[in-house]
Structures are given as C-alpha cells and as structure tokens.
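Visitor: Could you please take me through this structure? I am new to the subject.

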Amino acid sequence: MLTAIDRYFNILAGNIDQYLVLPLLYHFGWMQWEELSFDWALVCVYGFFAVIATYAICWPLEALFPIERWDDRKAVFTDAIYTVLNRVGVLPIVSFLLFYEVQVWVNGYIVDLGYIPPTLESLVPSLIGHPVITFIAYALILDCADYWRHRLSHMFRGWYALHALHHAQRQMSFWSDDRNHLLDDLVAGVWFGIVGLAIGIPPLQFPLLFLFMRFIESLSHANIKLSFGWLGDRLLVSPRFHRLHHGLRAAGRRSCNYGAVFPFWDMLFGTADFSNEYPPTGDKRAPEAMATGGYLAQQLSGLRFFRDELRAARAGSRSRH
Ligand SMILES: [Zn+2]
Ligand SMILES: [Zn+2]
C-alpha cells in the first residue's frame, strides 16, 4: 500500500511539474533549475498531503479532548500560515534558491579536499540490508542534533529571543510546530547542513516515515489532553510531554523536554519531565506582538527583541567584569 501511495504522489508531482512548474521556468528563463523542478514538486505534494492528514487527525481530537477552549482563534490562524509556508515547500524552496550557490561551493570545496560525505551505512556496514533500522538510526541521530540545537537556543539570551517566538504562543495547537523566527530557522538549516555533511543526508526513500516524524512533531503541540501512557511517553514525544516544555513556568533557561520526536535524549541528558500536568503555555517576557501579532509583526518584533536582548546580554557581561 505504501508503495502505491508513493507511486501516486510521484504521478501527481510529475503532472504538477509538467503543467505548472516547467512552463513557469521556461516563461521566466530559469532553465537552470529544470533538473530540480520534479523534486520540488514532490516535496510540495508530500508537504500538502502531510498538512491535510495532520489536520484530519488532530482537528477532531482537539475538538473532542481540548486542554483549553478559546473564543477568539486569530492567533491560531497565524500559526496555520507558518505551517503552510513551511510544509508545502515555499520556504524550503526559497532558502534553497538563496543558498544554492553556497551549497555548490561548499560541496565542491569539500570534495576538492578529498572528503566524500559518508553515509551511515558506509560507517556501520552491518546496517546494509536493514533499511528501516537504518532510517531509525538516522532519525535518532538527527533528533540528538536537534535536541542540542534546541537546548543551546534556550541557554543564550540573544538566541532565545528568536526562539521566544515559538514559545510566545498562548493558544498552542497542532499548527504551532512551524511557528519559528526566520533567523532561527536559518540557524537550524545550517546546523542540519553540517550534520548532513558528517553522516550523509537521510535516505529519502522513506518519505512516509519522514512524514510520520513530522506528524509526531505537529501532534506534540496539539491542544489535546493526551499522553501515550508510561511506556509510550518514553518512546515518542506526546502532547503532554512537549506541553511541559512550553509551560509558562518553564520559559527560558529552566525548561525541560527539549526533544522533538524521541524523549530518549532528554532521559539520557537529565532534562526529561514526565509530570501529569497540562500547564498554560506562553512566555511572559516576550513582547505581545510576538504572541498575537500577524506573521510580519511577529517576525519584526522578534528581530527587535533579538537586538534588545543582545544589547542587554552585552551590558550584563560588561558590568560583571
Ligand atoms: Zn524551546
Ligand atoms: Zn514546541
């Protein structure tokens, strides 16, 4: 069945590529992107499907078992804009276009040095022939990298000012996962680029497993009173587990539960909290525009908060000397 879905998505992407993307590229004289256009179409098709599937599962659950009820859902709507921009491929494509030259240069430079980026299978040959185990190994390593990126972003005042955009939301829902500052997204992109060079890019032959991980990330933000039970909560990040990370009391440096998909790294590094609580979310220090402003207002306010916090951090370190 999974291969049937894959095949269907491929056909759909092929059609979009042929009748929409390629004519646009020819029209604007951007033929140099011709080879990549099918992959872009495929990313968009998977992204679109993921948004629909997430909505179909999370929306009824939020309606049936909500933690909070809201009359005005304007702030939720802004989060939906983030999701569509991120998942249906608009932002990934824009960042790809912006950094294409840099990527070509970095790759060329590294190959010139005689370094061929390994794959996990070349590093651990016993993984060959076990594609699902290989995928889970990749997922665990990427999640570990993400755990440390996220934990560090809580430790530095300037960096946290950007990440505060993710935490400012008081109406947290399954749309909130992609609510990030663009500069914070940029740091994450570079971070994963480096990990990718070290262990190879995770195999894209498992797009559905990849989508499942993204689904867990969306679900973990959902406004649903849901845990996966004693064992389940220790295997995958549940809405209860991630909500404790977003709790008002935990904003900033004293947070817990940094993992995005697997709680394993929090358990290993001593930051896991499995309390049976669903605290109110938000960050009292973040400017109000970061919580309830529109998309652009949030981004601009995030930049100002970043600048102010950097200044304050510098002044603080000077007064200590
Ligand atoms: Zn955080
Ligand atoms: Zn979150």
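Guide: Donors are N, O and S atoms within 2.8 Å of the metal (3.2 Å for Na, K and Ca), and sites may look incomplete, as water is not among the atoms. This is a predicted model, in which local features need pLDDT of at least 70 and side-chain atom pairs pLDDT 80 or more, while totals for chains, interfaces and linings use all residues. Residues are numbered from 1 along each chain, chains are lettered from A and ligands numbered from 1 in written order, and side-chain values use heavy atoms, without hydrogens and water.

Visitor: Which residues coordinate the zinc ion (ligand 1)?

Guide: H150, H154, H163, H167 and H245 do, each through NE2, at 2.1 to 2.2 Å. Their spacing in sequence is H-x3-H-x8-H-x3-H-x77-H.

Visitor: And how far is the zinc ion (ligand 2) from the zinc ion (ligand 1)?

Guide: The two ions are 5.8 Å apart.

Visitor: Are H154 and H167 buried or exposed?

Guide: Both are buried, meaning under 20% relative accessible area; exposed is over 50% and partly exposed in between (1.4 Å probe, protein chains only).

Visitor: New topic: how many salt bridges are there?

Guide: There are 10, counting a side-chain nitrogen of Lys or Arg within 4 Å of a carboxyl oxygen of Asp or Glu. One of them joins D146 and R149 at 2.9 Å, N to O.

Visitor: Which residue pairs with R157?

Guide: E309 does, at 3.1 Å, N to O. E309 counts as buried because its relative accessibility is 6%, whereas R157 is partly exposed at 40%.
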